[in-house]
Amino acid sequence: MTDPRTADANAIDARVFPSTARRGSQCGQLKLGDLRATELTEQFGSPLYVVDEDAARARAREIREALQAEAARIGTAATVYYASKAFLCVEVARWMVDEGLAIDVASGGELAVALAAGVDPAVIGFHGNNKSVAEIERAVSVGVGTIIIDSEIETGRIAAAARAAGRRQRVRLRVNSGVHASTHDFLATSHEDQKFGQPLSEAPRLVAAILAEDSLEFVGLHCHIGSQIFATDGFRESARRLLGVYPALAELAGAPIPELNLGGGFGIAYTSAQAEEAPDVAVIARELADIVAETSAEVGVPIPKLAFEPGRSVIGQSGITLYTVGTTKSVRLAGSDAAADPADLGASERLYVSVDGGMSDNARPALYGADYQVRIANRVSEAAPALVRVVGKHCESGDIVVQRDFLPGDVQPGDTLAVAATGAYCWSLASNYNYVPRPAVVAVRSGEARLIVRGQTEDELVAQSVTGDETTLQNGATK
Ligand SMILES: Cc1ncc(COP(=O)(O)O)c(C=O)c1O
């Protein structure tokens with residue numbers, strides 16, 4: 001691994017940043033979609049989420065093609081749903097559909113955005129461990145392609161909604177295969193203590209109940225083993241376990257079970273160090289296809305059609321966040337502090353670099369201790385690399401954007417910083433903590449920038465408070 005103390009702290013690693021990101025040959029500025037970072041912040045404000053449209057589309061296509069090619073190799077087909085929880089707005093839903101992906105939504109709100117984008121409801125999969133009856137009725141009545149049943153109680157609710165709408169609703173059953181995957185390894189257990197899905201051992205009983213409902217069409221099992229997964233063994237073990245119950249389910253149904261949905265979770269590199277280990281989707285696709293073909297033959301069922309739901313791996317590396325530095329502060333690391341964390345590489349000082357956003361636009365470091373990579377975007381500098389921690393402006397000491405990286409030591413107030421790989425689970429997990437407005441999202445492509453999500457204003461946030469002379473009728477409506 002390259003030593004960050006001696007590496008070029010201006011370098012834009014193409015394995016982490018979006019594919020069109022590069023330094024301008026004359027200005028040295030970070031450019032994305034052929035636009036300078038500061039042009040973007042001058043026009044749209046700071047902080048700013050920027051999504052590289054070509055990179056997002058290319059990645060969506062690459063993942064879909066890899067999964068579909070491998071499915072075809074084993075004689076079946078694959079549907080690739082974009083897991084829209086990663087990042088959804090009307091424009092992104094359209095890109096995904098244009099690139100041949102279906103859309104997975106997990107709430108009435110996500111469904112509403114997908115419909116507003118003109119997505120054909122037939123290609124939408126609807127998830128959630130606590131869909132309200134109103135959400136179920138809406139999904140059924142607009143013609144959502146598949147609803148994923150998360151608990152026994154939902155079977156009756158979806159069946160009733162379908163009956164009332166005079167429809168036969170396609171459904172999957174979400175199960176836990178007992179495989180828990182984290183970034184590098186997986187743990188296989190026989191039962192799970194978590195809120196999603198039903199234990200695999202209960203699948204025959206629950207599928208029998210689904211099959212007993214005339215208004216439901218059972219199409220197969222669904223399982224999502226986790227997120228940001230690097231090792232492929234967990235995916236393979238989970239697929240093997242799911243197919244192991246397909247003969248019993250086929251006997252109940254009196255016909256082969258047509259589909260199998262293996263969820264998402266493919267990991268991406270957030271930093272150059274991770275880039276050396278991040279999985280290649282083509283390899284995951286090949287290994288999954290092999291295990292599905294082998295296990296189907298072993299247990300004696302026809303190979304089902306496959307479905308996948310990647311989110312992060314589709315959109316994560318297409319996005320960056322631009323921030324403006326407000327203050328810097330150097331903190332001496334006492335001998336014991338420096339020794340305590342070998343990742344600080346023995347540095348005697350840490351430069352705290354405060355930016356104009358933070359945990360409200362990127363909750364992942366605070367939520368999961370996630371790592372990110374940062375670069376000065378408005379210039380290059382020959383100053384020696386310094387150990388930095390990029391922090392936000394919120395009233396939490398855990399308000400960290402980049403836990404640890406090396407930037408040119410002359411990073412200063414007014415600099416624009418670019419944090420890489422913020423395309424997934426940043427805008428979608430954003431909050432208004434400290435009444436900080438959510439930044440806008442801009443799409444860039446071939447020298448053009450388009451606003452795709454409006455940023456909030458302080459006035460909008462202030463207007464949420466109900467004043468004494470208003471009578472509240474219901475959430476969102478006042479008289
Ligand atoms: C059911 C389901 N499918 C797909 C995903 C997408 O996962 P990822 O973005 O890691 O690919 C998630 C993420 O939580 C999920 O819960």
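# Reading sheets, helices and loops

Q: In what order do the three strands of the open sheet lie, and is the pairing parallel or antiparallel?
A: Strands of a sheet pair through backbone hydrogen bonds, either parallel or antiparallel. Here the three strands of an open sheet follow the order 1-2-3, with antiparallel pairing. At the edges are strand 1 (22-23) and strand 3 (35-36), each of which pairs on one side only. Two strands pair if DSSP finds at least two bridges between them. Strand 1 and strand 2 (residues 30-32) are joined antiparallel by two bridges, and Arg-22 has Lys-31 in strand 2 as its bridge partner.

Q: How are residues and elements numbered, and what kind of model is this?
A: Residue numbers start from 1 along each chain as its sequence is written. The model is predicted: local features need pLDDT of at least 70, side-chain atom pairs count only at pLDDT 80 or more, and totals for chains, interfaces and linings use all residues. Helices (H or I, at least four residues) and strands (E, at least two) are DSSP runs, numbered from the N terminus.

Q: Is strand 5 mostly covered or uncovered?
A: A residue is buried if 20 or more other C-beta atoms, placed from the backbone, lie within 10 Å of its own, exposed if 12 or fewer, and partly exposed in between. In strand 5 (residues 78-83), six of its six residues are buried, so the strand is mostly covered by that definition.

Q: Which strands pair with strand 5?
A: Strand 15 (residues 305-308) pairs with strand 5 in the parallel sense, over three bridges. In that pairing, Thr-79 has Ala-307 of strand 15 as its bridge partner. Strand 6 (residues 102-105) also pairs with strand 5 in the parallel sense, again over three bridges. There, Ala-83 stands opposite Asp-104.

Q: How many bridges join strand 16 to strand 17, and does strand 17 have a pairing with strand 19 that is parallel or antiparallel?
A: Strand 16 (residues 319-332) and strand 17 (residues 349-355) run antiparallel and are joined by seven bridges. Across this pairing, Arg-350 in strand 17 is opposite Val-331. Strand 17 and strand 19 (residues 385-391) pair in the parallel sense over four bridges, with Val-353 opposite Val-390 in strand 19.

Q: At what angle do the axes of helix 2 and helix 11 cross?
A: Two packed helices are described by the angle between their axes and the distance between the axes. Axes are lines fitted to C-alpha atoms, for helices over the stretch in contact, and angles run from 0 to 180 degrees between N-to-C directions. For helix 2 (residues 53-73) and helix 11 (residues 281-299), the axes cross at roughly 25 degrees and come within 9 Å. Helix 2 is therefore roughly parallel to helix 11; angles under 35 degrees count as roughly parallel, over 145 as roughly antiparallel, 65 to 115 as roughly perpendicular and the rest as oblique.

Q: Which residues of helix 2 and helix 11 meet?
A: Residues are in contact if their C-beta atoms, placed from the backbone, lie within 7 Å. From helix 2, Glu-62, Ile-63, Ala-66, Leu-67, Glu-70, Ala-71 and Arg-73 take part. They meet Val-281, Ala-282, Ala-285, Arg-286 and Ala-289 of helix 11.

Q: How do helix 4 and helix 5 pack?
A: The axes of helix 4 (residues 108-116) and helix 5 (residues 133-142) are 10 Å apart, at an angle of about 25 degrees. These two helices are therefore roughly parallel to each other. Gly-108, Leu-111 and Leu-115 of helix 4 meet Glu-135, Arg-138, Ala-139 and Val-142 of helix 5.

Q: Where is Pro-47, and what kind of peptide bond joins Ser-46 and Pro-47?
A: Pro-47 is in the loop between helix 1 (37-44) and strand 4 (48-52). The peptide bond from Ser-46 to Pro-47 is cis, with omega about -5 degrees.

Q: What is phi of Asn-434 and of Tyr-435?
A: Asn-434 is not a glycine, yet its phi is positive, about 60 degrees. Tyr-435, also a residue other than glycine, has a positive phi near 55 degrees. Asn-434 lies in the loop between strand 21 (416-420) and strand 22 (441-445), and Tyr-435 is found in the loop between strand 21 and strand 22. Asn-434 counts as partly exposed because it has 14 C-beta neighbours inside 10 Å. Tyr-435 has 11 such neighbours inside 10 Å, so it counts as exposed.

Key: Two residues are in contact if their C-beta atoms, placed from the backbone, lie within 7 Å.
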